[in-house]
Amino acid sequence: NRISNDFNEAKENENASKKKLVEIETKLNLLYSKVGRCGKYKTKPERDEALTEEINQIEETITTKEKQMNMTKERMEELKEEIEQGKEKTEENSKMISLKKMGLEKLKKNVNELRENRDKLANNRKKLWRADADFEHDLTKYREELTKSERQLDFTMSKDTAMGLQTVKRIVEEYEIEGVKGPLIELFEVSDEKMIIPTEVAAKNRLFEVVVDDDDVASEIIEKMNDQSINKFSGRVTFLPMNRINNDNVREFTETHDSTALLQYLDYHPMLEEVMK
C-alpha cells in the first residue's frame, strides 16, 4: 500500500510538472512575441534588459522543473521495481501459505488416523482385559475341578499307588527323563459319560499303570525310586513298557444286542492303539 501510494503521488507530481512546463513555455512564447513591443519601456536597452532577465528566470524555472521531472521519473522507475519485487514476494508467500495449508491438512489427517487407531487399540485392550479376566476365571475354575478330580481319584486308588504316581511324576520332572507317557488314566478321554463306570470296571487298577516307551525307561525310574537317599517312601507303581506289548492273542470282539466294544467310546492318540487294546 505504501509503495502504491508513493507511485501515485509521483505520477501526480509528474503530470503537474508537465502542465507547469507547458504553461511556462506558453508564457515564454508570449514574452518573445512582446519583445517587439516596447510601449511599457522608455528605452530599448531597458526593455531588452527586463525581457532578458525575465527570460533567464523562466529558463531557470524550466531547468528546475526538468530536473524535478527527471527525479520523478527515476523515483517512478524505482517504485515500479519495488512493486514488481513486492508482487514476486507476494506470489512466493502465497505458494508458501498453500504448501503450509497442504501440510496442515495432511497433519490433521494423520492426527485423525492416529486417534482412530488409538481408540481401536483402547477397545482391543479392553476386550483383551475382559478375555484375560474370563480366562483367569475359567483357569481358576478348571484348577479347582482338577484338584477336586485328583482328590476323588486318590480315593479310588490305594495309598501306595497314589504315593507311587506322585514319586514317578517328581522323578521324571527332576531328572528330565524322556519316554514317559504317563498314567494310563490320563492318556484317554471317555466320549460318552455312560461309559465312564464300565471303563473303570473293565480296566480296574490297570488305569494307574504308567505307560513308558521301553524297559530302559522303566528301569531308570525304578532305580531312582529305590534309592533311599532320594526317597524315604516312594510308594508302589506298575509300569507298562510299550515295547513289551503283544496283542497277537487278543480276540476280535463281536458285538451283540446286549454288548458293545468299549474302545469305540475312548479317545486317545493313535500311537497308544496297542496299549488301549
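The following is a conversation about the predicted model shown above.

Trainee: What should I know about the model before we start?

Mentor: The model is predicted, so local features need pLDDT of at least 70 and side-chain atom pairs count only at pLDDT 80 or more, whereas totals for chains, interfaces and linings use all residues. Residues are numbered from 1 along each chain as its sequence is written, and side-chain values use heavy atoms, with hydrogens and water left out.

Trainee: How many helices and strands does the protein chain have?

Mentor: The protein chain has 6 helices and 5 strands. Both are DSSP runs numbered from the N terminus, helices being H or I with at least four residues and strands being E with at least two. Along the sequence, the pattern reads α-α-α-β-β-α-β-α-β-β-α.

Trainee: And what share of the residues counts as buried?

Mentor: Of the 277 residues, 21% count as buried. Buried means under 20% relative accessible area, exposed means over 50%, and partly exposed lies in between, with a 1.4 Å probe and protein chains only.

Trainee: Which residues make the nonpolar surface patch?

Mentor: Met-96, Leu-99 and Met-102 make a nonpolar patch of about 340 Å². Patches are made of residues with over 30% relative accessible area and no salt bridge; like charges are joined within 9 Å, and nonpolar side chains (Val, Leu, Ile, Met, Phe, Trp, Tyr) within 5 Å. Met-102 is in helix α2, residues 44-156, and counts as exposed because its relative accessibility is 58%.

Trainee: Let us turn to Ser-17. Is Ser-17 buried or exposed?

Mentor: Ser-17 counts as buried, at 9% relative accessibility. Ser-17 belongs to helix α1, residues 2-34. Not counting residues up to four places away in sequence, Ser-17 touches Gln-68 and Met-69; contact means heavy atoms within 4.5 Å.

Trainee: What about contacts across the chain as a whole?

Mentor: Among contacts with a separation of 6 or more, 77% are between residues 24 or more positions apart.

Trainee: Next topic: how many salt bridges are there?

Mentor: A search of the whole structure finds 8 salt bridges. A salt bridge is a side-chain nitrogen of Lys or Arg within 4 Å of a carboxyl oxygen of Asp or Glu.

Trainee: Where does the bridge between Lys-181 and Asp-213 sit?

Mentor: The side chains of Lys-181 and Asp-213 meet at 3.2 Å, N to O. Lys-181 lies in strand β1 (residues 180-183) and Asp-213 in the loop between β3 (210-212) and α5 (215-226), so the pair ties together parts that are 32 residues apart in sequence. Lys-181 is partly exposed at 29% relative accessibility, and Asp-213 is partly exposed at 31%.

Trainee: Which residue forms a salt bridge with Glu-209?

Mentor: Arg-206 does, and the closest N and O atoms are 3.3 Å apart. Glu-209 counts as buried at 12% relative accessibility, whereas Arg-206 is partly exposed at 47%. Elsewhere, salt bridges that share partners join Arg-75, Glu-78 and Glu-82 into one network.

Trainee: How many residues does the largest nonpolar core have?

Mentor: The largest nonpolar core has 16 residues, and those with the most contacts inside it are Val-168, Val-210, Ile-221, Met-225, Val-237 and Phe-239. The elements giving two or more residues to this core are α3 (159-175), β3 and α5; the largest share, 5 residues, comes from α3. A nonpolar core is a set of buried Ala, Val, Leu, Ile, Met, Phe, Trp, Tyr and Cys residues joined through side-chain atoms within 4.5 Å.

Trainee: What is Val-210 in contact with?

Mentor: Leaving aside neighbours within four places in sequence, the contacts of Val-210 include Leu-165, Val-168, Val-180, Val-237 and Phe-239. A second, separate core of 10 residues includes Leu-184, Leu-187, Leu-272 and Met-276.

Trainee: One last topic, the backbone. What is the phi of Glu-176?

Mentor: Phi of Glu-176 is near 50 degrees, a positive value in a residue other than glycine. Glu-176 is in the loop between α3 and β1 and counts as exposed at 67% relative accessibility. Lys-204, not a glycine either, has a positive phi of about 55 degrees; Lys-204 is in the loop between α4 (196-203) and β3 and counts as exposed at 59%.

Key. Accessible areas come from the Shrake-Rupley method with a 1.4 Å probe; for residues, only the protein chains shown count as cover.
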